[in-house]
Amino acid sequence: MHDHAPLQDLPPASSLHPLIARLETEFLYPRLASAEDVTGFLAHPGQHCLFIPGDPRRNLETADAAVILPELRLAFQNAFDCAVVDEAIETALREQYRALKTPGLLFFRESGFLGAIEKVRDWSDYLGRITHILSLQPA
């Protein structure tokens, strides 16, 4: 007897994890599937957070980050807007901004990159890091 679920019980790799889908349906975060989508999203005034989920089938932290992100946005009184990065451009963005571990949060002011937070963190760590990142000038 095995301790793992049979492969036929796993959702297909291309199906969207329900907690990531919730970011789009309940919180109305746009899904960015191309470089043009990213450029358009970052062109809006203000501060932005791009959520790079990674593969939720391989990384259990992805679902946690999908729950934490809306709470962080509320904690910062909507100081930044959010978008979900599609798997089609995930690798390119991770490499471009040197945020190689997932899940990741990339912060921008307009199109200027401010910083990244990789992997799931303690709540106090998020608060401290985001406060610091949002105080920076774009690179």
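These legends go with a set of close-up views of a predicted model.

**View 1. The sheet has five strands and is open.** Reading across, the order is E1-E3-E2-E4-E5, and the pairing is mixed. The edges belong to strand E1 (31-32) and strand E5 (112-118); each has a single partner strand, so one side of each is left without a neighbour in the sheet. Helix H5 (residues 123-135) packs on this sheet, where it touches strand E2 (47-52), strand E3 (80-85), E4 and E5. The direction of H5 makes about 170° with that of E5.

**View 2. Strand E4 (residues 104-109) pairs with E5 through six bridges.**

View 3. How many of the six residues of E4 are buried? The count is six of six.

**View 4. Helix H4 (residues 87-96) has buried residues Ile 89, Glu 90, Leu 93 and Arg 94.** They cover an arc of only 145° around the axis, which puts them on the same side of H4. Turned away from that buried side is a face with the exposed residues Ala 88, Ala 92, Glu 95 and Gln 96. And what covers the buried residues? The cover includes E1, helix H2 (35-42), E2 and E3. Check both ends of H4 while you're here. At its start, a side-chain oxygen of Asp 86 comes to within 2.9 Å of the backbone nitrogen of Ala 88. Just after H4, Arg 98 has a positive phi of about 55°.

**View 5. The model has six aromatic pairs.** In one of them, the rings of Phe 76 and Phe 80 have centres 6.1 Å apart and planes at 50°, so the pair is tilted. Phe 76 counts as buried at 17% relative accessibility, and Phe 80 is buried as well, with a relative accessible area of 1%. Tyr 97 and Phe 113 form another tilted pair, 4.6 Å centre to centre with 35° between the planes. That pair links distant parts of the chain: Tyr 97 is in the loop between H4 and E4 and Phe 113 is in strand E5, 16 residues apart. Both Tyr 97 and Phe 113 are buried. As for Phe 76 and Phe 80, ring pairs link them with Phe 107 into a cluster.

**View 6. Gln 137 lies in the segment after H5.** Is Gln 137 buried or exposed? Gln 137 is exposed, with a relative accessible area of 63%. Leaving out residues up to four places away in sequence, Gln 137 touches Arg 109 and Leu 114. From Gln 137 to Gly 112 the C-alpha to C-alpha distance is 8.1 Å, and the two residues are 25 apart in sequence.

Terms used: Residues are numbered from 1 along each chain as its sequence is written. This is a predicted model: local features need pLDDT of at least 70, side-chain atom pairs count only at pLDDT 80 or more; totals for chains, interfaces and linings use all residues. Side-chain values use heavy atoms; hydrogens and water are left out. Two strands pair if DSSP finds at least two bridges between them. Helices (H or I, at least four residues) and strands (E, at least two) are DSSP runs, numbered from the N terminus. Contact means heavy atoms within 4.5 Å. Axes are lines fitted to C-alpha atoms, for helices over the stretch in contact, and angles run from 0 to 180 degrees between N-to-C directions. Buried means under 20% relative accessible area, exposed over 50%, partly exposed in between (1.4 Å probe, protein chains only). The arc is that of the directions from the helix axis to the C-beta atoms. A polar contact is a pair of N or O atoms within 3.5 Å; within protein, one must be able to donate a hydrogen and the other to accept it, and residues adjacent in sequence count only if both atoms are side-chain atoms. Rings of Phe, Tyr and Trp (its six-membered ring) pair if their centres lie within 6.5 Å; planes under 30 degrees apart count as stacked, over 60 as edge-to-face and the rest as tilted.
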